[in-house]
Amino acid sequence: MRDPFRIPSGCAVSGILNLDGTHVSGEKIIRSIEVMHERSNGLGGGFAAYGIYPEYAELYAFHVLYDDPLTAKDVEAILKRSCTIEHSEEIPCKETENIQNWPVFKRYFLRYRGRSDCEDDEVVRMVMEVNSGIHGAYIVSSGKNMGVFKGVGYPEDIGKLFQLEEYQGYCWIAHGRFPTNSAGWWGGAHPFGLLSWSVVHNGEISSYGINRRYLQNFGYVCNLQTDTEVITYLVDLLVRKHNIRIPYLGAVFASPFWEQIEKMEEPKKEFFTSLRTIYGGALLNGPFSIIVGFPGGMFGMVDRIKLRPMLAAWKDSTFFLSSEECAIREIAPSLDRLVALRAGEVISERVGERNSHGQKLTVSGV
Amino acid sequence: MARSLLFPEFKIERDKERCIACQVCVRQCANDVHEGSDTEDTVVSQEEKCVGCQRCVNLCPTNALTVQTRKDGFRPNGNWEDRHLRGIYKQAETGGILLTGMGCDRLYPVYWDHLLLNASQVTNPSIDPLREPIELTTYLGKKEEKLDIHWEGDSPVVRTRLAPQLGLEVPVIFSAMSYGSISYNAFRSLAEAAREAGTFCNSGEGGLHPDFYPFGENIIVQVASGRFGVHRDYLRVAAAVEIKIGQGAKPGIGGHLPGEKVSKEISRTRKIPLESDAISPAPHHDIYSIEDLERLVFAIKEAINYEKPVAVKIAAVHNVAAIASGVVRAGADIVTIDGIRGGTGAAPQVIRDNVGIPIELALAQVDERLRLEGIRHHSSLLIAGGIRSSADVIKAIALGADAVYVGTAALVGLGCHLCQKCYTGKCNWGIATQDPVLTKRLNPNIGRRRLVNLLRAWAFEIKEMLGGMGVNAIESLRGNREHLRAVGLSREECSVLGVKAAGEGW
Amino acid sequence: MKHIKIHEEYCIGCRLCEINCLVKHSHTGKIIKAFKEESPRAFPRIRVEEEGCLSFALQCRHCEDAPCVENCMTGAMRRDKENATVLCDEEKCVGCWMCIMSCPCGVIKREKKTRRIASKCDLCGGVDEPVCVAHCPNEALTYE
Ligand code: SF4
Ligand code: SF4
Ligand code: SF4
Ligand code: SF4
Ligand code: SF4
């Protein structure tokens with residue numbers, strides 16, 4: 001089932017973040033990604049939604065895909081080793097015109113029982129154990145108060161299958177995939193999720209081989225053979241473990257050229273030199289534009305010579321990222337501001353920081 | 001004296017129609033093969049002494065000369081090759097070890113030639129190096145596992161101090177060739193070219209002639225078992241220090257500079273008596289274990305104030321991955337691995353041709369092992385031994401090397417014709433010799449220019465290939481074996497190399 | 001005026017400069033013919049001096065204050081107005097050898113084949129790169 005090959009793919013990506021924390025249903029993001037229908041080919045689509053499980057906000061929400069429902073026992077055994085399953089249920093799906101068959105999706109709400117300082121590492125370890133060890137089961141997301149919904153089909157159909165209009169979230173991210181051959185496996189669709197990170201990506205990382213080996217050094221096992229998986233792990237490593245802040249991820253993933261670094265002033269120059277020298281293995285080379293969701297925020301970035309499109313826009317207190325302007329205009333015909341991301345640029349927004357006019361926002365219910 | 005059973009290895013043909021009896025060939029052959037006549041317009045040759053260096057052929061103004069390998073006419077025998085017979089005849093005559101120069105010339109598989117590179121098509125664009133920057137800049141040295149960043153408001157404060165690094169503009173360094181094994185002019189060519197091209201050359205184990213101290217910023221000095229010419233200033237003037245444990249051409253044995261090559265300048269540089277053989281012992285007599293190595297590494301680091309990287313060079317032998325891991329743990333900032341095809345000024349032929357393993361396999365294993373142990377970033381990997389072209393360089397980098405050393409390729413760039421007679425001290429190309437008549441044949445201005453051209457040409461080619469793969473910084477190819485595929489190799493070889501077979505996708 | 005500079009430290013004593021100078025001053029200008037067919041054989045205007053491991057190639061220095069010009073009684077040895085080269089006008093030369101006696105470098109030769117005239121380096125008749133320089137394999141001669 002699981003695809004052993006890395007498949008290059010073109011893609012559509014889109015994201016919406018309500019900076020004031022307002023929750024909206026998935027209907028908007030489906031409309032947005034649907035506009036870019038031509039950028040997908042029906043072989044993969046998916047969504048990540050933040051703020052959808054307020055009643056379990058403290059717990060890890062695991063979305064698990066079962067190609068073989070009999071493996072549920074094994075998965076649950078692993079989960080139970082360090083967590084208590086407070087609640088579990090099948091994720092409701094509704095047959096659509098274009099999707100009649102789908103694997104079983106379950107969600108678990110888990111309370112971690114161990115020491116709090118290694119909680120995230122333990123969750124990562126659990127995810128790795130299931131995803132590389134249990135054939136027939138696959139954890140698609142493992143964050144808190146968020147979830148990933150994805151599968152084989154056009155994204156708008158996947159959205160309808162999972163009835164995303166029934167969920168309320170403050171941030172939505174979507175992906176439509178154009179793989180160059182049949183993906184055929186639901187777990188291979190995007191977004192890719194780990195902990196509360198979710199990543200959608202358009203592009204092909206030519207540095208994949210070394211990024212993957214670099215991650216090995218830090219105990220991340222890449223078994224999905226997708227660029228998105230690698231990007232997600234790198235984001236997790238750099239931000240969560242190495243204390244690099246999101247606005248500086250560009251200095252690693254899409255590092256400036258040495259010539260540009262040479263011209264910087266101290267201490268910036270030293271910082272960028274150190275980042276590039278030490279994190280050379282994390283440089284993402286090749287065309288990409290990515291949107292990454294995280295609790296309370298979302299950021300977008302493009303590769304170091306801008307080989308893939310990405311636009312950012314603001315309207316009142318909503319922040320948009322998308323491959324194409326039309327996908328933003330579809331849901332927000334008039335905008336306060338629209339910019340195309342420059343090579344290596346990171347544009348990041350967080351709930352409650354400010355709106356498009358630079359005013360502080362009050363936050364409700366994140 | 002009993003008649004020698006050896007007969008000429010080369011056949012010299014002189015086209016009588018063309019030869020003008022100018023005697024250029026006579027004057028060029030240091031082996032006195034050609035002989036002219038004062039009275040007649042004829043030149044004759046004594047083929048027994050010819051080593052096939054092609055110097056006379058190159059300089060003959062009328063292209064009258066050809067020097068070819070001679071068909072020796074032994075009865076063909078699949079088991080007894082000519083070289084076996086020759087070796088036995090020679091040894092039966094001399095009773096000595098067969099000496100030779102340069103690297104192993106046996107037909108072992110050259111894995112570079114079984115590895116193919118990738119290129120972008122449709123799904124990602126290739127990059128045109130003429131229009132977009134492609135970066136080859138490489139830093140060699142220990143890399144911290146992570147930056148210790150502390151945030152003061154929105155500004156980062158970095159608490160990690162980068163370990164000393166060697167910055168290269170092209171990932172190619174001239175490997176250890178001592179002044180002694182090569183001539184002053186050859187060394188000068190290398191040092192000047194390294195400076196101009198933004199890379200380094202390695203002093204070898206022969207100390208550093210005072211004239212080359214000003215090139216210190218582009219020189220890696222070597223400390224080998226003989227400790228020739230090693231003193232405080234020698235260590236301090238250099239950009240990095242390399243401890244030589246082993247050499248790919250002769251793993252397990254020491255160095256030998258024949259007395260004929262120990263001229264006045266060399267005796268001064270090495271601090272040894274004139275015309276005495278310079279023999280470095282097989283082991284360092286203060287390193288009998290990995291702990292001892294660690295002590296030497298840190299003694300040197302103390303001597304240079306921890307300001308420059310310290311490298312340790314080992315030969316590629318069977319257990320190289322574990323040894324390299326030990327070397328990294330002993331504190332080496334750079335690990336140099338020298339494969340079986342690495343060159344030398346003088347080595348017993350039986351060792352050169354039979355001891356050690358190809359660098360490709362050693363590199364693949366060392367890189368993988370260090371990554372599995374999570375210590376790959378502790379040291380940079382520098383490989384040597386058999387790099388012949390920019391294609392070999394880029395494949396080495398994709399297999400996991402940070403940069404490569406070139407020795408033979410650099411000498412060929414200077415004019416070496418691989419006659420393998422470096423140990424005789426009569427290099428007709430003025431490279432591996434100290435004879436003043438011969439050394440001036442290498443004009444270092446020309447030498448520098450040729451080497452700089454060579455590096456520039458390779459850099460262009462590497463950029464073309466990187467661009468083709470859609471990569472615009474060399475670090476994105478380093479260790480990126482996804483861009484390599486193997487042809488004509490067994491499953492075991494592919495797995496040792498960590499490379500998929502050609503035709504397999506991602 | 002450009003001069004031929006001698007870098008004796010890189011002269012390998014191959015004498016290719018001599019050979020090619022000869023060819024340049026031969027009838028045919030073809031090396032094999034110049035040596036094998038032309039009679040009398042042309043001769044080189046440059047000479048390689050050798051002792052031990054030292055060698056260098058010497059030709060007329062085209063001195064600024066040229067004694068040969070000064071001592072020539074017929075005015076055959078003269079300084080070219082255009083490029084300041086010291087040249088011998090063969091028509092005027094009577095073969096008295098005063099120039100030879102006064103040349104401090106000893107680079108003027110006696111041409112005896114036809115009639116007695118003094119013969120020396122003419123910088124190849126004003127070419128961009130004299131042939132001895134062009135053919136020196138080790139850049140022991142440069143024209144600058
Ligand atoms: S260099 Fe060539 S032309 Fe001159 S003598 Fe030798 S073979 Fe003959
Ligand atoms: S040894 Fe070299 S120079 Fe001498 S004859 Fe042979 S090829 Fe020519
Ligand atoms: S360096 Fe000289 S002696 Fe050695 S192989 Fe090359 S040409 Fe022959
Ligand atoms: S051609 Fe050059 S190297 Fe040869 S003898 Fe003349 S000056 Fe010397
Ligand atoms: S410049 Fe011309 S004429 Fe003068 S020595 Fe050189 S080759 Fe002969």
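A residue is near a molecule or strand if one of its heavy atoms lies within 4 Å of it. Keep that in mind for ligand 1, where B:Cys19, B:Cys22, B:Gln23, B:Cys25 and B:Cys60 come nearest out of 13 residues around it. You're looking at a predicted model, in which local features need pLDDT of at least 70 and side-chain atom pairs count only at pLDDT 80 or more, while totals for chains, interfaces and linings use all residues. Residues are numbered from 1 along each chain as its sequence is written, chains are lettered from A and ligands numbered from 1 in the order in which they are written, and side-chain values use heavy atoms, with hydrogens and water left out.

**Around the ligands**

- The shell of ligand 1 is made up of ten nonpolar residues, two polar and one charged. Here Ala, Val, Leu, Ile, Met, Phe, Trp, Tyr, Cys and Pro count as nonpolar, Asp, Glu, Lys and Arg as charged, and the others, Gly among them, as polar.
- Ligand 3 has B:Met102, B:Cys416, B:His417, B:Leu418, B:Cys419, B:Gln420, B:Lys421, B:Cys422, B:Cys427, B:Trp429 and B:Ala432 around it.
- That shell around ligand 3 splits into eight nonpolar, two polar and one charged.

**The cores**

- A nonpolar core is a set of buried Ala, Val, Leu, Ile, Met, Phe, Trp, Tyr and Cys residues joined through side-chain atoms within 4.5 Å. Buried means under 20% relative accessible area, exposed over 50%, and partly exposed in between (1.4 Å probe, protein chains only).
- The largest one has 107 residues, and A:Phe62, A:Phe149, A:Leu249, A:Phe253 and A:Tyr279 touch the most other members.
- Helix H6 (residues 227–241) of chain A gives the most to this core, namely eight residues. Helices (H or I, at least four residues) and strands (E, at least two) are DSSP runs, numbered from the N terminus.
- A second, separate core has 103 residues, including B:Tyr234, B:Ile243, B:Cys427 and B:Leu477.
- Back to A:Tyr279: beyond its neighbours within four places in sequence, its contacts (heavy atoms within 4.5 Å) include A:Tyr214, A:Leu238 and A:His242, plus B:Glu145, B:Lys146 and B:Leu147 from chain B.

**Chain B as a whole**

- Chain B has 15 helices and 23 strands.
- Its radius of gyration is 24 Å, close to the 23 Å that the globule rule gives for 506 residues, so chain B is as compact as a globular protein of that length. The radius is taken over C-alpha atoms, and the rule is 2.2 Å times the number of residues to the power 0.38.
- Along the principal axes, the C-alpha atoms of chain B fill a box of roughly 95 × 55 × 45 Å.
- Of its 506 residues, 57% count as buried.
- Among the contacts in chain B with a separation of 6 or more, 68% come from residues 24 or more positions apart.

- Most residues other than glycine have a negative phi, and most peptide bonds are trans.
- A cis peptide bond joins A:His190 and A:Pro191, with omega about 10 degrees. A:Pro191 sits in the loop between strand S10 (171–179) and strand S11 (192–194) of chain A.
- A:Glu266 and A:Pro267 are also joined by a cis peptide bond, with omega about 5 degrees.
- A:Asp316 isn't a glycine, yet its phi is positive at about 50 degrees. With 45% relative accessibility, A:Asp316 counts as partly exposed.
- C:Cys124, not a glycine either, has a positive phi of about 60 degrees. At 9% relative accessibility, C:Cys124 counts as buried.
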